[in-house]
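Colleague: I am new to this structure and would like to go through it with you, one question at a time. Could we begin with the surroundings of a single residue and then widen the view?

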Amino acid sequence: MTVVHPTAQAPDTPVSPASRYAWAVVALLFPVALLNYLDRQIFSTMKKSMMADLPSIGSDERFGAVMGIFLIVYGCCSPFCGYLADRFNRRWAIIISLAVWSLVTWLTGHARSYEQLWWARAAMGVSEACYIPAALALVADYHAGPTRSRAIGVHQAGIYAGIALGGVGGYIADSSFGWRAAFNWFGVAGILYAVILLCFLRNPAKPELTVDTVNTPNPWSAVKSLLSIGSFLLLVVYFTLPGLPGWLMKNWLPAILAETFKLGQGQASVNATLWLTFASLLGVLAGGVLADRWMRTTERGRIYTSAVGMALLIPSLFGVGYAGSLGVAICFLILFGIGWGFLDANNMPILCQITGPELRSTAYGLMNFASITVGGWFTKKVGALRDAGVTHSSIFSLCAAAAAVSVVIVLFIRPRQSN
């Protein structure tokens with residue numbers, strides 16, 4: 001069906017890669033990406049203090065369930081939120097998402113029971129679901145092929161900065177301010193930054209819209225169209241399997257390092273985030289540059305770059321799982337981070353080679369749905385496995401096997417367009 005919406009987004013309008021505002025958009029969204037993951041990461045780094053203050057949490061499995069419900073709700077809402085960003089207005093999707101999740105972050109600091117904490121994290125999942133699909137699609141709108149992986153890489157670097165700063169959550173929790181202060185401070189910061197975006201962030205200029213220039217399928221038609229693309233289905237699986245080790249690192253690594261190497265809460269949280277995050281930051285920037293350059297010689301340059309990154313995850317996961325000392329674990333965490341950065345810089349650029357601009361947010365939302373829903377289940381499952389006494393090395397070995405399968409899958413993806 002062809003319909004005109006006054007705020008609907010037409011297909012890509014050519015935007016010069018050298019445009020200063022195109023890079024200004026990346027700069028404006030960098031702090032939002034930072035807060036997007038900072039507000040998530042501080043939760044896992046303050047586990048000990050939160051469980052002590054809220055005895056109704058009770059067990060690792062219930063704490064894992066609180067982390068997991070965020071992922072499940074986030075994943076389930078992602079396709080719908082992505083569709084809204086495609087059909088209406090990516091700018092408003094970003095601004096509203098930031099404002100609402102920041103308010104929920106502030107409210108999390110006022111939770112007084114397990115049930116309140118659970119509902120706060122569920123609400124967090126709804127409010128954050130709009131951001132990543134809309135933001136990555138907006139960056140892709142502004143950056144054509146020659147700079148797309150680099151621009152996405154810089155944006156994703158904000159995520160790793162947020163994860164790194166999330167390590168301070170353990171120290172805030174151990175300080176006289178307590179764990180609630182971390183949620184209060186960062187929640188207020190996000191609300192204030194939403195005002196800045198309101199003033200300076202805008203959508204790319206579009207030509208005058210007519211009934212012939214905007215194709216707006218209904219949600220089911222959009223999903224059906226995407227599911228008919230074989231390479232998109234492969235990309236969904238490829239995007240989902242690395243979510244097992246990815247969410248293991250994000251949600252359980254601080255606790256695993258603390259127990260394995262007898263570290264304090266603050267020291268464990270910093271070692272779980274600092275090395276991995278700065279390596280990922282290096283990887284996402286290097287992976288963007290490498291992919292853009294590789295694209296000059298083959299349209300599969302981004303796919304090959306991503307495959308290299310995935311291959312690096314395999315030895316790194318075995319290494320962390322069987323590390324006999326903190327130093328050895330850190331070395332393999334650095335290797336994992338570099339590989340993960342290569343993946344993260346190229347997921348949306350590969351998607352852009354498979355789907356048109358009118359479905360990018362919806363497509364990325366579907367990818368999030370698959371990956372994060374599985375991640376939410378696995379986060380809870382890891383808690384149950386730990387309660388049952390399953391060794392950390394066994395859990396990491398399972399994740400390494402998933403990464404090995406993923407390397408094969410990505411090489412079967414066939415681009416439909418070069419950009």
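Colleague: Leaving out residues up to four places away in sequence, which residues does Thr277 touch?

Modeller: This is a predicted model, and the contacts here are those with heavy atoms within 4.5 Å. Thr277 has its place in helix H13, and at 3% relative accessibility it counts as buried. Once residues up to four places away in sequence are set aside, the residues that Thr277 touches are Tyr160, Ala161, Ile163 and Ala164.

Colleague: Where does Lys262 lie, given that it has a positive phi although it is not a glycine?

Modeller: The phi of Lys262 is about 55°, a positive value in a residue that is not a glycine. Lys262 counts as exposed, because its relative accessibility is 71% and the cut-off for exposed is over 50%. As for its place in the chain, Lys262 lies in the loop between helix H12 (243-261) and H13.

Colleague: Is Asp292, the salt-bridge partner of Arg302, buried or exposed?

Modeller: Arg302 and Asp292 form a salt bridge in which the closest N and O atoms are 2.8 Å apart. Arg302 lies in helix H14 (residues 301-321) and Asp292 in helix H13 (residues 265-294), so the pair ties together parts that are 10 residues apart in sequence. Arg302 is buried, and the state of Asp292 is likewise buried.

Colleague: Which residues are linked with Arg90 in a network of salt bridges?

Modeller: The side chain of Arg90 meets that of Asp86 in a salt bridge of 2.6 Å, N to O, and it meets that of Asp141 in another, of 2.3 Å, N to O. The second pair links distant parts of the chain, with Arg90 in helix H4 and Asp141 in helix H6 (residues 131-142), 51 residues apart. The residues linked with Arg90 in the network are therefore Asp86 and Asp141.

Colleague: How many salt bridges does the count come to?

Modeller: The pairs already discussed include Asp86 with Arg90, Arg90 with Asp141 and Arg302 with Asp292. By the rule used here, the count of salt bridges comes to 6.

Colleague: Against which helices do the buried residues of H9 pack?

Modeller: H9 has 22 residues and reaches 33 Å from its first C-alpha to its last, close to the 32 Å expected at 1.5 Å a residue. Its buried residues include Trp179, Phe183, Phe186, Tyr193 and Leu197. The helices that the buried residues of H9 pack against are helix H1 (20-45), helix H2 (47-53), H4, helix H5 (114-128) and helix H8 (168-174).

Colleague: Which residues have the most contacts inside the largest nonpolar core?

Modeller: That core has 128 residues, and H1 gives the most to it, with 14 residues. Leaving aside neighbours within four places in sequence, Phe232 is in contact with Leu226, Leu227, Leu351, Ile354, Ala363, Leu366 and Met367. The residues with the most contacts inside the core are Leu29 and Phe232.

Colleague: How far apart in space are Ala307 and Leu107, C-alpha to C-alpha?

Modeller: Ala307 lies in helix H14 and counts as buried at 9% relative accessibility. Not counting residues up to four places away in sequence, Ala307 touches Tyr238, Val407, Val410 and Leu411. Leu107, for its part, is one of the residues of the nonpolar surface patch. Ala307 and Leu107 are 200 residues apart in sequence, and their distance in space, C-alpha to C-alpha, is 40 Å.

Technical notes. Residues numbered from 1 in each chain as written. Predicted model: local features only at pLDDT ≥ 70, side-chain atom pairs only at ≥ 80, totals over all residues. Heavy atoms only, no water. Patch = residues over 30% accessible without salt bridge, like charges linked within 9 Å, V, L, I, M, F, W, Y side chains within 5 Å. Areas by Shrake-Rupley, 256 points an atom, 1.4 Å probe, with all protein chains shown as cover. Salt bridge = Lys/Arg side-chain N within 4 Å of Asp/Glu carboxyl O. Helix = DSSP H or I, 4+ residues; strand = E, 2+ residues; numbered from the N terminus. Expected span 1.5 Å × (residues − 1). Buried < 20%, exposed > 50% of the residue type's maximum accessible area, 1.4 Å probe, protein only. Core = buried A, V, L, I, M, F, W, Y, C linked by side-chain atoms within 4.5 Å.
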